[in-house]
Amino acid sequence: MKTLKKNNLANYRHTVRQVTREDFNDFEYIVGMDHENISDLNDIKPKNSKAKIIMFGDYDTQRSKDIIEDPYYSDDIGAFEEAYIKIKRCCEGFYESLTNTTDQNT
């Protein structure tokens, strides 16, 4: 929460839940942050589902293609800032990839 507040996202609220098989038909993209996430998602993905499983680090605007470490397991508060920065870059890159696809289809 300190990292979010520092980056002007103080009103953030979230709910955590497991990905379900139904999610693969309800959403276009299912995002994993590391190779274990991707493997787990592929294990539960139903055949012929519409969702595409993506590694979020592949959308890093600095092209680092890093996995995004879960800062929860770190003893260093700086890990939260590092995760925030990477996720922000990946959000920008993912958005850019969607807008480029939309532009090409028009």
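In this predicted model, K88 and E92 form a salt bridge whose closest N and O atoms are 3.6 Å apart. The two residues sit four positions apart in helix 4, so about one helical turn separates them. Both ends of the pair are partly exposed, K88 because its relative accessibility is 42% and E92 because its value is 39%.

This pair belongs to a set of five salt bridges found in a search of the whole structure. Another one joins K6 and E81, with 3.8 Å between the closest N and O atoms. Here K6 comes from helix 1 (residues 2-6) and E81 from helix 4, so the bridge ties together parts that lie 75 residues apart in sequence.

Once neighbours within four places in sequence are set aside, C90 is in contact with F56, G57, Y59, D60 and I68. The C-alpha atom of C90 lies 7.6 Å from that of D58, a residue 32 positions away along the chain.

Turning to the surface, a nonpolar patch is formed by Y72, Y73, I77 and F80, which together have about 530 Å² of accessible area. One of its members, Y72, is placed in the loop between strand 2 (52-55) and helix 4 (78-105). Y72 counts as exposed, since its relative accessibility is 63%.

At the level of the chain, the secondary structure consists of four helices and two strands, arranged from the N terminus in the order α-α-β-α-β-α. The C-alpha atoms fill a box of roughly 40 × 35 × 30 Å along the principal axes. Of the 106 residues, 27% are buried, and the chain exposes about 8300 Å², with carbon and sulfur atoms supplying 48% of that area. Among contacts between residues at least 6 apart in sequence, 46% join residues at least 24 apart. An unreviewed UniProt entry annotates residues 2-97 as "domain: Phosphotyrosine protein phosphatase I". Over residues 2-97 the chain is 41% helix and 8% strand, and the end C-alpha atoms are 30 Å apart.

Technical notes
Residues are numbered from 1 along each chain as its sequence is written. This is a predicted model: local features need pLDDT of at least 70, side-chain atom pairs count only at pLDDT 80 or more; totals for chains, interfaces and linings use all residues. Side-chain values use heavy atoms; hydrogens and water are left out. Patches are made of residues with over 30% relative accessible area and no salt bridge: like charges are joined within 9 Å, nonpolar side chains (Val, Leu, Ile, Met, Phe, Trp, Tyr) within 5 Å. Accessible areas come from the Shrake-Rupley method with a 1.4 Å probe; for residues, only the protein chains shown count as cover. A salt bridge is a side-chain nitrogen of Lys or Arg within 4 Å of a carboxyl oxygen of Asp or Glu. Buried means under 20% relative accessible area, exposed over 50%, partly exposed in between (1.4 Å probe, protein chains only). Contact means heavy atoms within 4.5 Å. UniProt positions are given in the numbering used here, feature names are shortened, and annotations may be inferred rather than shown by experiment.
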